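Open the structure in your viewer and keep the selection tool ready. The stops below say what to select and what is there.

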Amino acid sequence: MDTTNVTTESDAESSATSEEKKKSGRKTYITGIVCLMWIFVIFGAIAYKMGLAPMMKTMMATAHDLLLNTCFFLMAVCVLTGALGRILVEFGVVGMLQKILQPIMKPIFNLPGVASLGGVMTFLSDNPAIITLSKDKEFARYFKRYQFISLTNFGTAFGMGLLVIIYMVSLGYTVEPLIGFVGAIVGCVVSTRCMQHFILRSHPDYRDMAAVDEVYEEIKKTEEEGKNKEESLFTRILNAVLDGGKGGVEVGLAIIPGVLVISTLVMMLTFGAGPNGYDGSAYQGVELLPKLVGKINVLFEWLFGFHDPHLIGFPITALGAVGAALGLLPRFMAEGWVDPNAICVFTAIGMCWSGYLSTHTAMLDSLGYRNLTSKAILAHTIGGLVAAVVAHVIAMLVL
């Protein structure tokens with residue numbers, strides 16, 4: 001055995017590994033420096049305008065007020081809607097809706113009738129519910145592959161729909177959330193159809209390819225059915241309410257980071273100084289977004305009917321988290337910026353987008369189609385804008 005060759009190969013491997021570590025280290029330094037630069041630029045500019053101490057006090061005060069007066073209220077709504085949704089599932093209302101909606105699914109959404117169940121589930125909970133359902137092979141076998149992938153867009157358009165509508169009703173609006181709901185449905189059609197078009201353009205073979213490779217027989221849940229027969233009506237209701245409420249608490253906790261982080265930043269970029277200047281009170285800021293949007297406000301007024309540039313903060317926030325976007329409404333209403341048309345548009349775009357930028361990547365990755373994420377985001381961006389425009393047009397005709 002030639003030990004010289006072995007030593008040479010070992011030295012070469014060590015040299016290559018050392019070079020890779022150096023490159024990785026340089027990359028880490030570069031990304032770290034870029035990150036620090038962005039932090040200094042953004043918060044340095046805000047601190048220059050507000051002052052460092054008032055900026056920090058305003059950030060803490062705004063987040064604290066959002067936590068107490070918005071997040072806990074949203075959590076209470078989540079608990080109640082979760083309990084209601086669980087009761088509807090337990091006693092077959094969801095299954096009944098699936099059968100009623102089945103005849104209209106194919107011509108409108110180009111999806112099998114069972115997809116309506118996914119829409120109902122996400123409407124009662126949140127976007128990822130459609131992925132949980134898609135993992136069921138018995139459910140997935142009804143779809144062609146391009147239809148199966150488009151479930152990400154279809155389900156997201158209804159995500160947290162019940163929460164959004166109930167929250168709007170709690171603010172004193174009744175007809176406006178229904179108009180927004182119609183707009184969200186139209187946006188869902190556009191988003192789903194666009195996604196299917198994009199998929200077939202890049203992967204035409206997906207048109208006739210089944211979503212799953214094997215055909216699975218329907219599995220009857222005999223043990224669950226027997227358990228339901230043995231339990232009393234009161235026990236079933238109690239278990240459904242408690243389980244649904246528990247899920248609502250989890251959703252409520254999950255939206256707290258988005259509300260506090262995103263809403264605080266958006267508010268500091270939306271609102272201006274208080275009557276006494278920058279004194280560290282909550283909901284003060286540098287008023288950057290209204291100034292930028294004000295330069296093109298004619299476009300938003302024409303498309304969405306927004307008569308105040310501050311209102312653009314809602315759809316911007318809804319890109320990341322609709323719960324955070326809802327957290328903006330009390331302040332918007334206190335300032336007198338909200339009108340019935342705005343509630344229609346907010347409901348439509350809040351439902352249709354419902355934080356898709358923060359969920360689409362994870363959802364498609366779990367389905368195994370991460371490479372189609374950009375197409376899904378583009379399709380859903382178009383769908384959300386259409387939903388808002390449709391809601392605005394209907395509002396002008398009805399209200």
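**Stop 1: helix H9**

Select residues 161–170, which form helix H9; seven of its 10 residues are buried, so the helix is mostly covered. Here helices are DSSP runs of H or I with at least four residues, strands are runs of E with at least two, and both are numbered from the N terminus. Buried means under 20% relative accessible area, exposed means over 50%, and partly exposed lies in between, using a 1.4 Å probe and protein chains only. The buried residues of H9 are Gly161, Leu162, Leu163, Val164, Ile165, Tyr167 and Met168. After H9 comes Gly172, with a positive phi near 105 degrees.

Before going on, note that this is a predicted model, in which local features need pLDDT of at least 70 and side-chain atom pairs count only at pLDDT 80 or more, while totals for chains, interfaces and linings use all residues. Residues are numbered from 1 along each chain as its sequence is written, and side-chain values use heavy atoms, with hydrogens and water left out.

**Stop 2: the whole chain**

Now show everything. The chain has 20 helices and zero strands. Of its 399 residues, 46% are buried.

**Stop 3: Thr122**

Select Thr122, in helix H4 (residues 115–124). Is Thr122 buried or exposed? Thr122 counts as buried because its relative accessibility is 0%. Its side chain reaches the backbone oxygen of Gly155 at 3.1 Å. That is a polar contact: a pair of N or O atoms within 3.5 Å, where within protein one must be able to donate a hydrogen and the other to accept it, and residues adjacent in sequence count only if both atoms are side-chain atoms. Leaving out residues up to four places away in sequence, Thr122 touches several others, among them Asn127, Phe158 and Gly161. Contact means heavy atoms within 4.5 Å.

**Stop 4: Pro112**

Move to Pro112, in the loop between helix H3 (93–109) and H4. Pro112 counts as buried because its relative accessibility is 14%. Which residues does Pro112 touch, not counting those up to four places away in sequence? They are Met105, Tyr142, Phe143 and Gln147. Pro112 and Tyr142 are 30 residues apart in sequence, and their C-alpha atoms are 6.6 Å apart.

**Stop 5**

Select Phe314: beyond its neighbours within four places in sequence, its contacts include Met168, Phe332 and Phe346.

**Stop 6: the salt bridge**

Select Arg331 and Glu335, which form a salt bridge with their closest N and O atoms 3.1 Å apart. The term means a side-chain nitrogen of Lys or Arg within 4 Å of a carboxyl oxygen of Asp or Glu. By this rule there is one salt bridge. Arg331 is partly exposed, with a relative accessible area of 24%, and Glu335 is partly exposed at 34%.

**Stop 7: Trp38**

Finish at Trp38, in helix H1. Trp38 counts as exposed because its relative accessibility is 56%.
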